[in-house]
Amino acid sequence: MKAKNHLLKYFVKQGGKKFVRFPDGAFYNPSSFPFAAIETSGAVLFADLPGYSKLSEKFTPVECTYFVNHFFAWFEGEALKKFGGLIDKFIGDEVMIIFPHTECKFPPLESAILTAKAMLENDPYAFSPKIGIASGIFAISIVGTTETYDITAIGHTVNLAARCAEKAKKSNSVRIATEDLNVIKKTFNDYIYWDISSPIEFKPKNMKKVKVIDIERKTIWIPNFNYEQKVKDNVRLARKSGVIINNLEESS
């Protein structure tokens, strides 16, 4: 079976290949849908691209595609570089990364926090993401039908990380579902650049209350170039090269 992404490779490496039915490659299940999962523990990170909805009013759909793909590529480069993160999925203008304990050189929560810090420190295009992190157990599962399926992390930990990203204070900030200030200060130890809150109570929608810690980057990088114009220029070049197909019907 040819792996289609990093998460699928991980699934197979952990033993998921025994769930594969050949020759068509569909995952075996006696019912009409695929069912297989790996129960594990680790951390989950969601990153949201602030201001995307406003930008999408100024950008064409193709320019929006270029913009979010650039954001995703930047994030993936940092996540997969050294901390053990695996890209789970891209959702609109959000990216979801999981840190299974079997893949991390550091404890998963610390690995996710290190990734978040790397994002906010190395942001040359000023994407300024809002980030949410949670740790705990989750299942890396096959979801879908035998005709159309994918692999994704599922469970309370995933939902909590998503809620933390949604309610992060603002751009260039991280909300972490933990009350362990020691693990936070171990990573964000250059206090001149970061504001770190004390543990506060957070009530995610339809979930129990948890303690969270908010981190905000004090110094903001402002590019000395017009990134929006660069997006438009690069899309214009792409049109000239033929990689964008226009099949819109001409209005009469």
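E110 is buried, with a relative accessible area of 9% (buried: under 20%, with a 1.4 Å probe and protein chains only). The model is predicted, so that local features need pLDDT of at least 70 and side-chain atom pairs pLDDT 80 or more, whereas totals for chains, interfaces and linings use all residues. Residues are numbered from 1 along each chain, and side-chain values use heavy atoms, without hydrogens or water.

**Exercise 1.** Determine where E110 lies and which residues E110 touches.

*Solution.* 
Step 1. E110 belongs to helix α4, residues 108-121 (helices are DSSP runs of H or I with at least four residues, strands runs of E with at least two, numbered from the N terminus).
Step 2. Once residues up to four places away in sequence are set aside, E110 touches V183, K186 and T187 (contact: heavy atoms within 4.5 Å).
Step 3. With one of these, K186, the side chain of E110 makes a polar contact of 3.4 Å (N or O atoms within 3.5 Å, one able to donate a hydrogen and the other to accept it; sequence-adjacent residues count only through side-chain atoms on both sides).

**Exercise 2.** Describe the surroundings of R175.

*Solution.* 
Step 1. Strand β6, residues 173-176, holds R175.
Step 2. R175 is buried, its relative accessible area being 9%.
Step 3. Neighbours within four places in sequence are left aside; the contacts of R175 are then I131, G132, I133, C164, K167, A168, I200, F202, V212, I213 and D214.

**Exercise 3.** Characterise the largest pocket by its space and its lining.

*Solution.* 
Step 1. The space in the largest pocket is about 350 Å³. A pocket is an open set of points on a 1 Å grid where a 1.4 Å probe fits, with protein on both sides within 12 Å along at least five of seven lines; lining residues have an atom within 4 Å of a point.
Step 2. The lining has 19 residues, and L55, F67, Y125, A126 and E228 lie nearest the centre.
Step 3. By residue class, 11 are nonpolar, 5 polar and 3 charged.
Step 4. At least two lining residues come from each of α2 (52-58) and α7 (227-241); the largest share, 3 residues, is that of α2.

**Exercise 4.** State the overall make-up of the protein.

*Solution.* 
Step 1. The secondary structure consists of 7 helices and 9 strands.
Step 2. Of the 252 residues, 46% count as buried.
Step 3. Among contacts with a separation of 6 or more, 66% join residues 24 or more positions apart.

Technical notes:
Grid points are joined across faces, edges and corners, and a volume is the space filled by probe spheres set on the points. Ala, Val, Leu, Ile, Met, Phe, Trp, Tyr, Cys and Pro count as nonpolar, Asp, Glu, Lys and Arg as charged, and the others, Gly among them, as polar. Buried means under 20% relative accessible area, exposed over 50%, partly exposed in between (1.4 Å probe, protein chains only).
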